[in-house]
Amino acid sequence: MSLIDQITPVVVTYNSAELYDRLFETLSIFKQFIIVDNDSDKSDDLILRLKKSFPNQLYISSKNIGYGPGNNLGISFVKTEFALILNPDVKIDREAVMSLLACADKFPNALAIGSQVFDEKQNKKVVSYNWSWPAHPIDINPEGDLSAKFLPGCCLLLRTPLFLSIGGFDNDLFMYYEEYDLCHRAIKAGFDCVLAYQAVCSHAPHSSSKPSIRADYLKSRHWYRSKRIFVQKNGFLKISYLDRVGMIIINFLLAILMLFLFQIRRAIKYLARSEEHTSELQSQSTISYAVFCLKK
């Protein structure tokens with residue numbers, strides 16, 4: 001049995017047909033892998049093509065349950081010691097995978113082992129770890145394996161039993177911040193998160209699904225929602241009622257300004273941010289009213 005057979009990659013896809021060639025190149029390394037498709041459009045033929053190329057793998061069709069929950073579903077079927085979380089827009093070669101395994105062997109208490117990330121759009125390695133949140137930019141590359149508080153979620157080697165022992169990814173985080181939350185809980189539980197210095201993956205950001213105005217809006221909305229859940233859950237930030245009202249107004253006005261300037265994508269982000277703060281206010285009002293009724 002090859003060492004690499006200890007790993008089962010899990011890939012969550014959503015309208016990712018354009019990434020077939022990248023996925024084929026990466027998945028060819030492995031003996032087994034699991035694909036979870038989050039209700040892609042009927043016109044998206046990625047799963048059909050993958051099944052023709054790799055007929056003996058596990059393909060799970062699901063309603064769109066989100067990135068973290070989708071990975072939880074996939075990992076629930078993993079039988080190997082390690083699961084490798086991969087974005088569909090990530091490429092990794094055999095040498096880098098073996099470096100991840102070597103790092104895992106060196107640090108047996110590590111629940112998560114991350115790789116360095118080469119950003120194809122910026123044409124350089126990007127900072128692939130943080131020691132705190134909020135993260136302060138540290139534009140340096142490590143000189144060896146290092147312990148970190150947060151690792152990138154696009155390519156993350158997980159010890160399956162340890163991952164399951166802390167409950168996997170938080171199902172409340174539909175998309176974004178799931179790896180921050182996982183690493184935070186792993187360290188609180190007494191495990192390590194380690195960046196494997198010699199492992200490098202190649203990432204094509206924002207290409208894991210078809211671009212559209214609707215997709216941009218939903219991604220922005222989920223980003224702000226997940227950030228709110230993460231920071232409030234872990235006590236990193238508390239925002240007052242009046243501050244949130246101010247954020248709603250400011251972001252809404254900025255969205256209108258961006259529309260007048262024909263900067264559609266920026267307008268979408270500001271509108272999504274305003275919408276998320278509005279949803280949080282509505283949630284807080286409902287809770288406050290419930291508490292008031294109970295007191296009466």
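Buried means under 20% relative accessible area, and this cut-off is applied to residues of the predicted model shown in the close-up views below.

**View 1. Gln57 in the loop between H2 and strand E3 (58-62).** Because its relative accessibility is 18%, Gln57 counts as buried. The side chain of Gln57 reaches the backbone oxygen of Lys31 at 3.0 Å, and a polar atom of that side chain also lies 2.7 Å from the backbone nitrogen of Phe33. Leaving aside residues up to four places away in sequence, Gln57 touches Lys31, Gln32 and Phe33.

**View 2. The crossing of helix H1 (residues 20-27) and helix H2 (residues 46-53).** The two axes come within 11 Å and cross at roughly 30 degrees, and the crossing of H1 and H2 is right-handed. Tyr20, Asp21, Leu23, Phe24 and Leu27 of H1 make the contact with Leu46, Arg49, Leu50 and Ser53 of H2, a set that divides into six nonpolar, one polar and two charged residues.

**View 3. The salt bridge between the side chains of Arg22 and Glu120.** The N to O distance is 2.8 Å, and the pair links distant parts of the chain, with Arg22 in helix H1 and Glu120, 98 residues apart from it, in the loop between strand E6 (110-119) and strand E7 (124-126). Arg22 is buried, at a relative accessible area of 14%, whereas Glu120 is partly exposed at 31%.

**View 4. The salt bridge between the side chains of Lys233 and Asp170.** These side chains meet at 2.8 Å, N to O; Lys233 counts as partly exposed at 40% relative accessibility, while Asp170 is buried at 15%. Asp170 and Lys233 are linked with Asp181 and Arg185 in a network of salt bridges.

How values were computed. Residues numbered from 1 in each chain as written. Predicted model: local features only at pLDDT ≥ 70, side-chain atom pairs only at ≥ 80, totals over all residues. Heavy atoms only, no water. Axes fitted to C-alpha atoms, helices over the stretch in contact; angles between N-to-C directions. Helix = DSSP H or I, 4+ residues; strand = E, 2+ residues; numbered from the N terminus. Left-handed = near helix turned anticlockwise from the far one by under 90°. Contact = heavy atoms within 4.5 Å. Nonpolar A, V, L, I, M, F, W, Y, C, P; charged D, E, K, R; others polar. Buried < 20%, exposed > 50% of the residue type's maximum accessible area, 1.4 Å probe, protein only. Polar contact = N/O pair within 3.5 Å; in protein donor to acceptor, adjacent residues only side chain to side chain. Salt bridge = Lys/Arg side-chain N within 4 Å of Asp/Glu carboxyl O.
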